[in-house]
Amino acid sequence: PITTLELFDEETKIITGSSDTTLSILDFETGMKLKSLPGHSSIINQVKPLSNTTIASVGDDGMLKVWDVRTRKAVWSATTEFPLFTLATTGEKHMVYTSGLEPVIRIWDLRSSQKDDTLSIETPHTDSILSLDLTNRSKICSLGFDNTLHFYDGNIHSVKDSRVMSRS
């Protein structure tokens with residue numbers, strides 16, 4: 001089954017990640033599969049386009065992978081100790097933010113040949129982070145399984161505000 005999807009290539013295609021460990025590129029109009037990109041060793045939790053030719057993905061295998069859709073191969077990857085659930089990028093598509101089972105936000109510079117995270121932000125979450133979002137001005141929002149939202153300024157790496165979400 002498909003676990004995540006995003007519009008891609010000027011919204012003419014869809015990228016999907018699935019529990020069968022593959023990314024797929026589908027035609028938006030017909031739904032036909034155009035390409036398959038195998039390479040994760042576990043469920044893919046999120047995909048994001050970085051450009052018209054590159055896609056980033058994260059999965060339960062703890063991998064962040066960047067794919068060149070023309071060659072169907074991962075061109076950059078990094079591994080964490082824990083499953084990754086979410087990723088986000090800003091206007092600077094070479095910076096990728098990830099998080100997951102461990103409630104830490106990791107920031108990766110894809111221009112670096114070293115596969116270590118450029119920066120790790122310890123968060124006040126008491127459980128895993130399931131979603132990240134960013135503004136073009138490096139403001140970060142994280143949503144955790146602990147039912148809290150936290151806001152950060154990515155430029156100074158500090159917590160700005162926290163709010164507990166009410167349960168329905």
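Phe145 is partly exposed in this predicted model, because its relative accessible area is 48%, and buried would mean under 20%. Phe145 sits in the loop between β14 (139-144) and β15 (148-153).

Now look at the aromatic rings. The count comes to 2 aromatic pairs. One of them joins Trp76 and Trp108. Their ring centres are 6.3 Å apart and their planes stand at 75 degrees, so this pair is edge-to-face. Trp76 belongs to strand β8 (residues 73-79), and Trp108 to strand β11 (residues 104-109). The pair therefore ties together parts that are 32 residues apart in sequence. Trp76 counts as buried, at 7% relative accessibility. Trp108 is buried too, with a relative accessible area of 2%.

Phe145 returns in an aromatic pair with Phe85. That pair is edge-to-face, with 6.2 Å from centre to centre and 85 degrees between the planes. Phe85 lies in strand β9 (residues 84-89), so the pair ties together parts that are 60 residues apart in sequence.

Next, turn to His40. This residue lies in the loop between β4 (33-38) and β5 (44-49). His40 counts as buried, at 5% relative accessibility. Its side chain makes a polar contact of 3.0 Å with that of Asp61. Beyond residues up to four places away in sequence, His40 touches several others, including Thr21, Leu23, Met63 and Trp67.

Step back to the whole chain. The protein chain has 16 strands and 0 helices. Of its 168 residues, 43% count as buried. Its accessible surface comes to about 8700 Å², and 50% of that belongs to carbon and sulfur atoms.

Key: Residues numbered from 1 in each chain as written. Predicted model: local features only at pLDDT ≥ 70, side-chain atom pairs only at ≥ 80, totals over all residues. Heavy atoms only, no water. Helix = DSSP H or I, 4+ residues; strand = E, 2+ residues; numbered from the N terminus. Buried < 20%, exposed > 50% of the residue type's maximum accessible area, 1.4 Å probe, protein only. Polar contact = N/O pair within 3.5 Å; in protein donor to acceptor, adjacent residues only side chain to side chain. Contact = heavy atoms within 4.5 Å. Areas by Shrake-Rupley, 256 points an atom, 1.4 Å probe, with all protein chains shown as cover. Phe/Tyr/Trp six-rings, centres within 6.5 Å; stacked < 30°, edge-to-face > 60°.
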